[in-house]
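Student: I have a model open and would like to go through it piece by piece. Can we start with the strands?

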Amino acid sequence: MKKEKSNISRRDFFKSGTFIIGGLAVTSVFTPFNGILFATEAPKGKGKWYGIGIDISKCIGCGKCAKSCKLENNVPQEPFYFRSWVEQYTIKNDGSVVVESPNGGIDGFTQSVPDEEIFKSFFVPKMCNHCAKSPCTQVCPVGATFETDEGIVLVDEKYCIGCRYCVQACPYGCRYIHPEKGTVDKCTLCVHRLDKDLQPACFDNCPTEARIFGDLNDPKSNINYFLKNHTCMVIKPHLNTASKLFYNALSPEVR
Amino acid sequence: MENHIQNLHEVLSQVEGYVYPNEIELNWSVLIVLYPYITGLVAGAFILASLERIFKVHILKPTYGIALLTALSFMLVATLPLVSHLGRPERAYEIMITPHLSSAMAIFGFVYLWYLLVVLLLEIWFDYRRDMVIWASQSTGFKKSLYKALSLWTTDISPKAIALDDKMGYIVTLIGVPSAFLLHGYVGFIFGSIKANPWWSTVLMPVIFLFSAIVSGIALVMMIYIVLSKIRKIKIDMNCLDTIASYLFYILVIDFVLEGLDQIHRIYEAEESFEVLHKLVFGKLFYTLFIFQGLIGTIIPLVTLATFQFYKPKENIRKPIYLITAILVLIGVFFMRWNVVVGGQLFSKSFYGYTSFKIGLIGTEGYLMAAVWLIVPFLILGFLLWLLPPWKKADSEPEISEV
């Protein structure tokens, strides 16, 4: 029996082969540009996509959020390491601004400005903004910090080399180097609690419900209700980090 | 650890205004000042060497070999302060194995290796191959085997082989010049691309880094050439020195203009961060910026070199002045790196206050460690000059001893 000759000539094989390999090469060249657009990558799928709301008009500066965060997550007790802290803003009559956060607000606040000089004063709880175009994940040289499919920015501490580039890149001061581990540490949105259908510690411990949290993809979620009914703003919007921490009643002095 | 926390408490008591609590600790310290400084010296020294090779500025011949070996000595040390500064230095290799491509820093390992292996080592190898073959035949024992190994056991020194070496060396240098630009422009990008930090985030940063790198590299080679000639009791080729000085002058002018432009732009735009930076510059950075970088490192050398462009005093006056100028420029560029790296971390990203910088004498982040990383390249250079003396090369020009 005569052996049937293959239809594909060697020339065709090389032609299509080159085309496929070239195509792959070109695509891979363009992939990093996604990285530029989204810092890491575009959100995937229609699953949960967490967002955070903080109502400044409800915050009483008790510091329970900061304290519970330290206890829940074994954050070093020294006043240089915070995943969550509270700032006290005082706008004076002359327009000058005084910001204070003694021990991150854990021990409460005292007002250092005399009453008659105060125009207004309020508290601003701070934490990781879990940005969708997070500059910190963009700069990590090894990819140890990443955004999960749920929109949570996490760090793999077994992988982090402790170069501190992400600490420099975070515009909100939300990262620190763990003094014992030598790796970077930050808010995880208590992902270990989320896995058990519990709220993050700082949300659970807020006595005035100033902190709201939920799935931005779910139109009926708390966070979407909050966003719909308040005029919310993110901090440093000009940096285009796609922050997912939305504040109600945010004063322009807050940075 | 205890010490570290104690230090931070001390810094906390010196905080002015408000800084985010995580910002009290200054994350990139003197070792990260050294990193752009040392890579800059490498790039600058190489560019000076390539002037001779590519642009045929033969008057620079006496410094060609010195410049190449200087570049190599500093290149070998360039990554060490960086790695020793990591929180987990034992994981440093991850940056090469699993680089995260959207990170400016991830590419450093590759740029570094490209520059070290492909450009510097190859160029030096092609340049010295014939001499290593000759030296191997003239020496005995260990040195003989060392030269043999370094020449990769090649023995062909026929005119044809030498012509090929020369051609290959030329091609490598041709690749090397853009690579040197890439190496240091890239280091500038690491800082310039951080949008969170208004002191760093400027599109001019890579260009400024590049030109200050060239300035520092030229000054370094100038200094080494003068000191080396003194040690070897050899007469300095004043034509060569004058030419180097004029290059230093031109590049220094460009560097000064670029940095000035950057500052004028900041002042005129006066963005949100202007007040905090203004106070920073006239406060915590006053001495390092205006005195060390500006006056000592830029204005005095500029005026001196400009004067020498049209009025040249006698040789024995010019020589020490060139030496001092080179040292001043080196100090100035060091403080330029300092002002960028440390200055960029002294103010809070809230723009409401300042932290302070405290550094000890000892410890992995101390001044002594930094001094070690600055001295080691000179020791390596000493060894390389002993092993591969440019003045003993077959094609080197005869030197005149100083009486």
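**Strands, helices and the contact between chains**

Tutor: Q88(A) stands opposite F123(A) in strand 4 of chain A. This is a predicted model, in which local features need pLDDT of at least 70 and side-chain atom pairs count only at pLDDT 80 or more, while totals for chains, interfaces and linings use all residues. Residues are numbered from 1 along each chain as its sequence is written, and chains are lettered from A and ligands numbered from 1 in the order in which they are written.

Student: In what sense do strand 2 and strand 4 of chain A pair, and over how many bridges?

Tutor: Strand 2 (residues 84-92) of chain A pairs with strand 4 (residues 118-127) of chain A in the antiparallel sense, over 9 bridges. Strands here are DSSP runs of E with at least two residues, helices are runs of H or I with at least four, and both are numbered from the N terminus. Two strands pair if DSSP finds at least two bridges between them.

Student: And what about strand 2 with strand 3 of chain A?

Tutor: Antiparallel pairing again, over 4 bridges, with strand 3 covering residues 97-100 of chain A. Y89(A) stands opposite V99(A) in strand 3 of chain A. Strands 2 and 3 of chain A form a hairpin with 4 residues between them, and G95(A) in the turn has a positive phi of about 90°.

Student: Why is strand 2 of chain A called largely enclosed?

Tutor: Because 7 of its 9 residues are buried, strand 2 of chain A is largely enclosed by the rest of the structure. A residue is buried if 20 or more other C-beta atoms lie within 10 Å of its own, exposed if 12 or fewer, and partly exposed in between, with C-beta atoms placed from the backbone. Of the 255 residues of chain A, 42% count as buried.

Student: OK, the 4-strand sheet. What is its order?

Tutor: The order of this open sheet in chain A is 9-1-11-10, with mixed pairing. Strand 9 (211-215) and strand 10 (232-233) of chain A are at the edges with a single partner strand each, so one side of each has no neighbour in the sheet.

Student: Which way do the neighbours of strand 11 of chain A run?

Tutor: Strand 10 of chain A is joined to strand 11 (residues 245-248) of chain A by 2 bridges, and the two run antiparallel. Here C232(A) stands opposite N248(A). Strand 1 of chain A runs parallel to strand 11 of chain A, joined by 4 bridges, and I54(A) stands opposite Y247(A).

Student: Which helix lies across those strands?

Tutor: Helix 7 (residues 222-229) of chain A lies across strands 1, 9, 10 and 11 of chain A, running at about 120° to strand 9. Axes are lines fitted to C-alpha atoms, for helices over the stretch in contact, and angles run from 0 to 180 degrees between N-to-C directions.

Student: What is the confidence for chain A?

Tutor: The mean pLDDT of chain A is 89, and 85% of its residues reach 70 or more. Over residues 31-41 of chain A the pLDDT is below 50. pLDDT is the predictor's confidence in each residue, from 0 to 100. Where it is low, the predicted coordinates should not be read in detail.

Student: Switching to chain B. At what angle do helix 2 and helix 8 of chain B pack?

Tutor: Helix 2 (residues 30-53) and helix 8 (residues 205-232) of chain B pack at about 70°, with their axes 6 Å apart. They are therefore roughly perpendicular, a term for angles of 65 to 115 degrees; under 35 counts as roughly parallel, over 145 as roughly antiparallel and the rest as oblique.

Student: Where does D131(B) sit, and is it buried or exposed?

Tutor: D131(B) is in helix 5 (residues 108-138) of chain B, and counts as buried, with 21 C-beta neighbours inside 10 Å. Leaving aside neighbours within four places in sequence, D131(B) is in contact (C-beta atoms, placed from the backbone, within 7 Å) with K393(B) and A394(B). D131(B) and A394(B) are 263 residues apart in sequence and 6.5 Å apart in space, C-alpha to C-alpha.

Student: Last one: how many residues does each chain put into the contact between chains A and B?

Tutor: Chain B gives 38 residues and chain A gives 46.

Definitions and conventions:
Contact = placed C-beta atoms within 7 Å.
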